[in-house]
Amino acid sequence: MTEAVATGDKKPDTVPETKGWLFKWTNYIKGYQKRWFVLQNGLLSYYRNQAEMAHTCRGTISLHGAIIHTEQYSCNFVVSNGGGTQTFHLRAANEVERQKWVTALELAKAKAIQLMESDDEEEGEEFPVEIDKQELNSAVKTMLGRLEELKTCHDLIEKHGHALQRSVAEVEGVATELQQATLDTQLNPKLKILNERATLFKITSNAMMNACNQYLELTQTQGRKWQRLLAHEREQRLRLEEMVEQLARQHSQLENQCKKTTATVVQARQDQQVRQEQSAHQDTRPESGSNSEDEDDFQDAVADPDYEDFTVSAPPQKRRSSSRSSHESCVSEGADKPEEEDEFSSDLENNSSTINVVHRRSKSDSADGQASPSTPVKRSTGNKYSFSTDNTTYSVHCHKFFYFKCLVPKFKNLPSKIPVPVNFSEPLSMLQRLVEDFEYSDVLDKAASCSDDYEQMAYVAAFTVSSYSTTAVRTGKPFNPLLGETFECDRSEDLGWRCISEQVLHHPPMVAQYCESAAGDWKCWQEFTMRSKFKGKYLEIEPIGITHLEFPKTGNHYTWRKVKTVVHNIVIGKLWIDNCGDMEVVNHRTNDKCYMKFEPYSYFGGTPKKVTGTVNSSADKVEWVLNGTWDSKLEGSKVIGEAIVKGKSSLEIGTSKVLWKRIPADPGSEKYYNFTRFTCELNELEDGVAPTDTRHRPDQRFMEEGEWDKANEEKLRLEEKQRTVRKQRELEAELAQQEGRPYIPYSATWYSQTPDPYNGGKSIHTYQGGYWESKQKQNWSKCPDIF
C-alpha cells in the first residue's frame, strides 16, 4: 500500500520525510478509510488522495511535542498533538510498514525538537501574546523579494536555454550539410558561440540555485518560528481554559457556601424571633415600657416576612465638624444598640459572603427639612447596611467578567453592548471618584503659602501622590457616567474649595474637571480618559490626559500626567492593585521639574508601594529629595550642600519633613467598599444641584439603598436611552449632510475645547463658567435630559 517507504537510512542531519497510503479511522463511517499521508518538515499531513496535495489539506499535526502510541503485535498506531485536540488513528498494511512509519515519525519528532532547541535566536525568549505585525510584514516582504529574484532567474534561464537549443540545432545542421573536410573551418565559430551560451546558462543556473537555497532557508526559519508561535498560542489557550475551569469550580463552591450561609442566617432570624416571643410572654412589665425605640425598630424589621434583606440599623449620626481634624476621629457605630441587636449584627458581619454598601442621608434625614441652594448640607459619616446573599449570582468580580467577555474564546462572541450588572460596581460615579483627588486639599493650601518655589513644588508632588492613597484597597468599578452627566462638590465652608465635573465625551469616555480654592489661592483642572491593555495575568490601565495646577499669587503653573495602574490576579486569585511608572511635574514659569518614580512591586524584596523623587532647578540641580509610599505618606528633605565622599558626589540634606500623610481608615471600612469618610460624603443628596448631577442617577441611588433589581433595571433603561439619543444624533447628522446644510454636533454644557499652550497646542476641555451662577438662579435650561 505504501508508495514511498520511510527514510530510515538517511543521514542523521537530514529531516526524515515520507509519504504513502495509510488507513485512517473516520468517525462519520465508523471505520478505516485509505488516505494519503505526507511527513515533511516535521509535519504529518493527510489528504483524501494524492491529487489533493496541491490544493486541500485535511489535517496536520506538528510532531514537536506530539505523542506517538503503538500497539504490540498490531498494525495500528496513534499520533496526537500535545494538547489532545487532534488525533490520528492509523493502521498500516502490515507490521513492517507500520514500523517504518513509526521510525520515521520518531526521527522527525527528535529532529523537530533538536531544531527548536538549537535555534539561538529564539532560545530562552518568551514569545509575546500577540505576533508582531511589523516583523511579520517585514518577513513577508523579504520573501516576496526573494520570490521576484527567482522569477527573474527563471526568465533568464528560459531565455538562455532557448538560445542554447538554437545553437545546438545550428551545429547539427552544419554538421550534416558540410563535408568532413570542411567541417572544422565552419564548425569552430559555431562551437565558440555554443560554449558562450552554455557558460551563460551555467551561470544563470547557479544563480537560480543560490536564490532557491536562500528562499528555502528563509522559509524554513520563518516556518519554525511561526510554528513555535502557534504552539505557544495553543499552550496559552489550554492554560487559559484550565484557569476558566478552575474559576468555574471556585464559583460553584462559592455559590454552595452562600446557600449554606443563607440557610444559617434564616435559621438565626427564626431563632431570634422565637426568643423575642418567649421574652414577650415572660415579661410582666407594662407593654409600653418593655422595649426601647431602637428595639421596636429592630423587631419590626426582623418580623416582616416580606422583607427580603436583613438590615442592621445604626443610631442617627450627628453633623460632622467642619474642621479638618474631624477626619481623624473614628466612627463609633452601634454603641446604643440593644444587646440582642449587637449579637445578630455580629453574625451578619462575620459572614464573609454578605454584600455591604454605604447608606447615606437622604433629603428626609436632614434636620432642617428643605435646604436652600446656599445652605450647607448636613453630612453624615455613613451608616452601614448589610444585605443578604440573594445577589451572589454576580459573585464573579467585574474585572474577571471583562476577562470572560473579551478574552476567553468561548465568550469572545458575546455582544459588545452586554449590560454589566451594578453588583460589580461601587455606589460612586467616575465623576465622584476623580473628586477624591482633592481629599487632601490642605496640601495645596500649604503649597500656596510657601514663599520658596522648590518647597512649593515638593508639596505639589505630595498632592499628586495623595490621590493614590486608597487605590490599593479599592478594587470596585465606579459607574460609567452618561454623556452630559455632571457632579458638583461644594466644600467652600469647611474645606475651602468647590469643584464641577462633566462627562464631555462618550467614545472614548472623557471627564473634564475644574476645582478652585474659595480664597483664590489655587485652581486645578484636568481632562481624564484612559486606555487598558490585558497582559494575560494582569490588566494595565494607563491614564491619558494632563492635569493643570495654578497659583495665581506667584504665577506658578504646574502640569503632570498620572502613572499607570496595574490590576493583578485578573483571572484567578485575590485581586490586588499596584501603581507604577515615572511622573514628571513641571513648573512652566521657572522651568523647574520634579522627577518621581513609583516603583513596581517586586517579589525579591524592597519596600512595596515605594515612591522616590527629586525637585530639580532649571539648571538641573537637585534642591529637594522626596521619599515615601503612595498609600501612607511622603516626606521631603531640602538639599543644603554637596560633599565629595571617596571621589563621589553625595548630597547633604536637612531634616526630613512630612509633606503628606494619609488619614487612617475608619474601623470597619472594609464592610462598605473601603470608603474613607470623605468618600462617604460625596453621594449625599443636596437640594439645588443640576438635574444632570450624578446624585440624581436612579440606578446608582437604588444600588446604594440596596434595591439591586431596580438598580439593574434602571441601568439598562439609561443605557438604552443613551444609545437611542446617539443614534438620533447620527441620523440628524446624516440628513444634514445629504441636504447640504450645516450640522451642529453635541458639545459639553459647561466646558469648551480650547488649545492648551502647555501641551503643544493640543485641544483640551476647559471650564467656561456659568455653573455656579445658574445654581444661584436655579436656571438649568442648558442641561440635557439624561435621566
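These questions and answers walk through a predicted model.

User: What does the model count, and how are residues numbered?
Analyst: Local features need pLDDT of at least 70, side-chain atom pairs count only at pLDDT 80 or more, and totals for chains, interfaces and linings use all residues. Side-chain values use heavy atoms, without hydrogens and water, and residues are numbered along each chain as its sequence is written, from 1.

User: What pLDDT does the protein chain average?
Analyst: pLDDT is the predictor's confidence in each residue, from 0 to 100. Of the residues, 74% score at least 70. Over residues 284-378 the pLDDT is below 50. Where pLDDT is low, the predicted coordinates should not be read in detail. The chain average is 75.

User: How far apart are the end C-alpha atoms of helix α9?
Analyst: Helices are DSSP runs of H or I, at least four residues, numbered from the N terminus. The expected span is 1.5 Å times one less than the number of residues. For the 14 residues of α9 (453-466) that should give 20 Å, and the model agrees: 20 Å.

User: Which residue caps the N-terminal end of α9?
Analyst: A side-chain oxygen of the capping residue lies 3.2 Å from the backbone nitrogen of Tyr-454. The cap is Asp-452.

User: Is Thr-559 buried or exposed?
Analyst: Buried means under 20% relative accessible area, exposed over 50%, partly exposed in between (1.4 Å probe, protein chains only). Thr-559 has 5% relative accessibility, so this residue counts as buried.

Methods
Helices (H or I, at least four residues) and strands (E, at least two) are DSSP runs, numbered from the N terminus. A polar contact is a pair of N or O atoms within 3.5 Å; within protein, one must be able to donate a hydrogen and the other to accept it, and residues adjacent in sequence count only if both atoms are side-chain atoms. Contact means heavy atoms within 4.5 Å.
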